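Q: Please take a close look at a single part of this structure and describe it for a reader who is new to it.

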Amino acid sequence: MSWARRAASLYRRLRNRGQAEQDLDNEVQAYFEILIERNMARGLSREEAARAARIEFEGPEQVKHKVRDARTGVAMETTLRDIRYAARVLRKAPGFTAVAVLTLALGIGANTAMFSLVNAFLLKPLKILHPEEVAGCYSVDVHNPGHARAFSYPNYVDLREKNTVFTSLAAHNLAGVGLTEGDVTRHVSADVVSSNYFATMGVPLFKGRDFTAAEERPDAGTPVAIVSYSYWKKHGSDAELPGKTLRVDGRVFTVVGIAAEGFTGTTAMMSSELYLPLGTYSFLANEIEGRGHSLSERGNYRLILIGRLKPRLTKREADAQLSVVAVRMEKAFPTENKDQTFVVFPLSRLGVSPGPIPDRRFPALAILLLSMPAVVLLIASLNLANMMLARGAARSKEIAIRLAIGGGRGRIVRQLCTEGFLLAIFGGAAGLLVASWGSALLIRSLTSIVPFDVVYSSAPDIRVLAATMAFCVLSTIVFGLWPAWKLSRPDVTLDLKTGGDDAGGGMRRLFSRRNVLVMAQLSLSLMMLTASGLFVRSAMRAAHLEPGFSLENEVVAEVDPSLAGYDETRGRQIYEALLTRLKNIPGVESVSLAWTVPFGGFTIGGGIRPAGDNSQGIPVGAEYNVVTEDYFKTMGIPLLLGRSFLPSETVGGAPPRVAVIDKLAAERLWPNGDAVGKHLRLEALPGQAAEDREVVGVVGTVQERIIEGELRPDLYVPFGPQYRADMHIHLKVAARGREAQVRMLETLRREIREVDDGLPVLELKTLRDHLNESLDLWLVETGARILGVFGAIALLLAVIGLYGVRVYTVAHRTREIGIRMALGASSADTRRMILREGFMVTAIGLACGLLLALALGRVLAGFLYDVQPVDAMVLSTAMLVLTVVAMLACYLPARKAARVDPMVALRYE
Amino acid sequence: MAKSADLLQGTLDLLILRTLEFRSLHGVGIADRIEQVTRGVFIVGPGSLFPALHRLAEHGWIEGQWGELENGRRAKFYALTASGRAQLAKEKRNWRRVFTAMNQVLGEEA
C-alpha cells in the first residue's frame, strides 16, 4: 500500500471507525455468501449449504473481534519496534543525540517558559468555583456607557437585596496599607471585602471564619483580618495563627482566618496578602481617595462589585433585569443615582477596576511574547533538520537497501520520524526543566518589587504539558518529517551516484537544500539579534533617561504618620519638624515634600481647563501632585516662568488658591499666551469639589513613566491646604559616591527616628535606586534580559549550523578538491573557492534577515520605550556580529580544505 | 483454523503470501486454494484467515480491494504488494533454513 493510501486509511479509521467496521461487516458477509454458493455448487440444497457454512464459520462476531485484535496488535508492534530501533540508533550516536537534545531543550524550554507565564496570566482557571458564572457588575452612565463609576455602600446593599440576577453579590476594593512586622513597616495591598466575598467566590477559607455582617457595617471598625495562604506559609505555617494579632496602619488587628491555598481573588497570579472587612474601610490610612467620608454615604463611590450570576443567565438578560432595578433606584435616590444603569461584564484577570477592562490588548502582547521563543525553536529545528539530512546522507545506503527490498516509503518516513520525535521528547523533557527553572527565576525577581503576593507554581499544569507536547510535535515536523520525506525519495540511489544535491553548477549548489536551511537560520537569527538589540537599547535608554528632574544626589524617603495612628494635627507637626531638622543636617542642600513620586506606585490624574471655559469639551488630563515650596529646587526641575510656591502658601490655614503647571500643560491650556496669572479650573477629584486656581509659575515637564512613555501634563498644588498623610520627602544631598550616600542614608534614618520614634519609614533610598527598583524599569530590563538570552541562543545555533554545513561540504568535496589541486589549483585558490560559497550563503541569509528585522522593528517600536523602527546602530551591530562569527565558521573549514593532499584525496571514497 | 495439522506460527502468513504470489484472490478462494495445494493438510477457517489477512494488510504486505465475481457478487480481493513480495522472499528463505535444520535433526534421529 502506498504511503499516502496508508495514511488515508489510518485517517479514515481514526476519523470514522464506523466505516472500517462497516467494511469488515461487508467482507465477512460476502465471505459467508460465497461459502454457501460454493457448498451449493457441490450439490447441497440451499438450507444444507447454509448450515454447513455456519458450522465452518464459528461466528461472525468472534471473527470480527479477532480481526480487530490483529489490527491493533500490528499497529502497536510496529510502533514499539520503531521506538526500539530509534533508541538503538540514537544510542549509537551519543554525540549527535546530546547536541540535538540540548538544542531542542533550549528551543522548547524557551517556548515552555514563555507559555507558562502567559498561561498563568491569561489561561489557567482561577481558583474560583464555576468561574464562568462570576462577573463584574458596573455602574455606567446611560448617556455614555463607556463611563463607569464605583458603587456606594448603600447602593451595593440595595442592589444585593433587590436584584434578580445574582445568587450572590460581593463588594470589595484594594487599599494600600502599612503592615508592621517587628521594626519594619511594609506597604502591602489589602483587599477590603464584604462579608460574603469568599462565599460569592465559592472558595471556603483554609482555616478560621469569614467576616460577619456586623464587621462589614460601615465604620464598624472591628479590627479583624484574614490573611492569604502564602502569608501564612511565609510566617512559618503557624497552625495557631488565627487568634494572633498583626499591626496594620498602626492598629492591632486579630487574624480570624486564612484564605484557601492558591486563591488570588479575581486576578491571576497577583493576590492581596490581607483581607479586611468593609467596616474598617474608612479607617484605613494611605487610602488614596475619599478620606474623611464614611462608607455609609450614598454619594461615596468606593466599591467594586463581583456577582455570581444565576446559572445559564446571559449577559443580555442580566443587563435587562438590572436596568429595571437601576430605574427604581434612580427614582428612590435621584441625586446620587441620576442617569446610572447597571451592567455585567466578564472580570479582567489582570486588574481590579471600577470599570470593565477588556483583556484585549494582552493577547496581542502574549502573541508577541510567544513569537520570540518560537523563532528560537524554528532556528533550532532548522539546525537539526540539517543535521538529520547530513546523517541521512550517511545512512542513505541503509535506506536505499530498505527501499530496494520493497520497504514502503511510508515505513521509512515513519521510522525516521520516530527517531526525530524521540529526540523531541527528550528535548521537551529537558526543556520543561529549563522552563520551570527560568520562569521561577523570573517570578522570584518580580516578587521582590511588587507589593503583592505572587502566586505562581512552576510545576507544569496540563496546559503547559500539552503546549510542550505541541512544541515537540511541531519541531519534529520541521526537523524530522521533512528530511525524512526528502531522504526516502525512491530515486535516492540516483542521488548517491551523482553525489547528491551538492553536485551541479554554482547556482544549484549555492541553493542546495542544506545551504538554504543555513540561510534561513542566519536570517532568522539576524532578526532575533535585532529584536534583542532593540530591547537592550530600550533598557539602556530607560536606564539613562533624562526625566526632566535630577536623578543624581537625590534621596527619597517615604513616611506616613497615619500608620502610627497619628491624626492630621499631629501629622502636620511631624512634617514640619522633619523639614526643619533634615534641612539643618550638614550635607543636605534642600528638602521638600511631595505626595507622588515619579516611577512610584501610583499617580493621580485630574482634568484641568482654563477657568471660565464652560464648554463641555474634554479637559486636559494632568498628573496631580501636592508639594512644598522647595520641591522644584530640590528635584532640579527648572522654573521657566513666574515663581514657585511661597512658604506662606504651603502651611496650613487659609488656602491661597494657587497652582504651578508644567510647560506641557501651559501649552495645552493656553496655546498662544502667557499662562502665568491666568486661572485654571481643576475638575472635581474624588472627595473634593472642583476649584479655580491661579497659575503662578510654569516649570519644565517631567517624565513619570517608562512604559506608556508619553509625557503627561503636570499640575502642582501646595501642601498645606491639601494635607496628605502619605508624603514622600525629597532631599538634595551633597554626598557623592556610593559610600557617602550610604552614610547619608544612615544619618537620615537616625534623624527621622529622633523626630518621632514610632514613625514608620516605608522607603529610604536614593532616587536612582528608587527608579532601578520600579516595576517599569523591571519590565524593560527583564524584557531585555530575556531577549538577550534568546538572541544569544539564536546566534549560537545559526553559527553552529553554518559551521556544520561548511565542514560537511568540504568533506563531501574532498575528491573534487584533490583533482583541482592535482591539476594545479593552489591552496589559496581552494580556500577562496570554499570561502566564496560560505560568503554567498552568509550574504543571502543576512539580506533576507535584514528585511525580516526591518519588519519586526516596526512592530516592536510600538511596544518598546523610546525605540525607532529603524535603528541603524542596532542593525549594523547585529549584522557585524553575525558576519564576523559567520566568517569564522566559514574560514576554519576552508583552511582545512586548502590543506588537502591531492594524493590522499584521490584515494578518498 | 487448521483441522488436520496445527499450523506453525507464521506458517499461515507464508501460505497466504505464497498463494497470492501470482494472482489476487478473495477470502474463500485463498482458503480453498490452500486446502487444494496442501491436499487437505491445511484447512483454513475464517476464524484464522480473517485476522491473518488483516494483519498482513496492516503490515502493508497485501492490499484488499472490492471487486466482482463472475456471477456479479461483490467480494474483497487481496493482492501482494511490493513489500509483500520482499517479505515472501524473506520468509521463503527462513522457511527453507528451518526446514533443512529440522530435517537434519530428524534424519540424525532415524
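A: Helices α23(A) and α26(A) are roughly parallel to each other, a term for angles under 35 degrees. The model is predicted, so local features need pLDDT of at least 70 and side-chain atom pairs count only at pLDDT 80 or more, while totals for chains, interfaces and linings use all residues. Residues are numbered from 1 along each chain as its sequence is written, with chains lettered from A and ligands numbered from 1 in the order of writing.

Helix α23 spans residues 775-812 of chain A and α26 spans residues 872-898; they pack at an angle of about 20°, with axes 9 Å apart. Helices here are DSSP runs (H or I, at least four residues), numbered from the N terminus. Axes are lines fitted to C-alpha atoms over the stretch in contact, and angles run from 0 to 180 degrees between N-to-C directions. The crossing is right-handed, that is, the near helix is turned clockwise from the far one by less than a right angle.

Among the residues making this contact are Leu795(A), Leu802(A) and Arg806(A) of α23(A), and Leu882(A), Ala889(A) and Lys896(A) of α26(A). Contact requires C-beta atoms, placed from the backbone, to lie within 7 Å. By class, the contact has 13 nonpolar, no polar and two charged residues. Ala, Val, Leu, Ile, Met, Phe, Trp, Tyr, Cys and Pro count as nonpolar, Asp, Glu, Lys and Arg as charged, and the others as polar.

Conventions. Helix = DSSP H or I, 4+ residues; strand = E, 2+ residues; numbered from the N terminus. Parallel < 35°, antiparallel > 145°, perpendicular 65-115°, else oblique. Contact = placed C-beta atoms within 7 Å.
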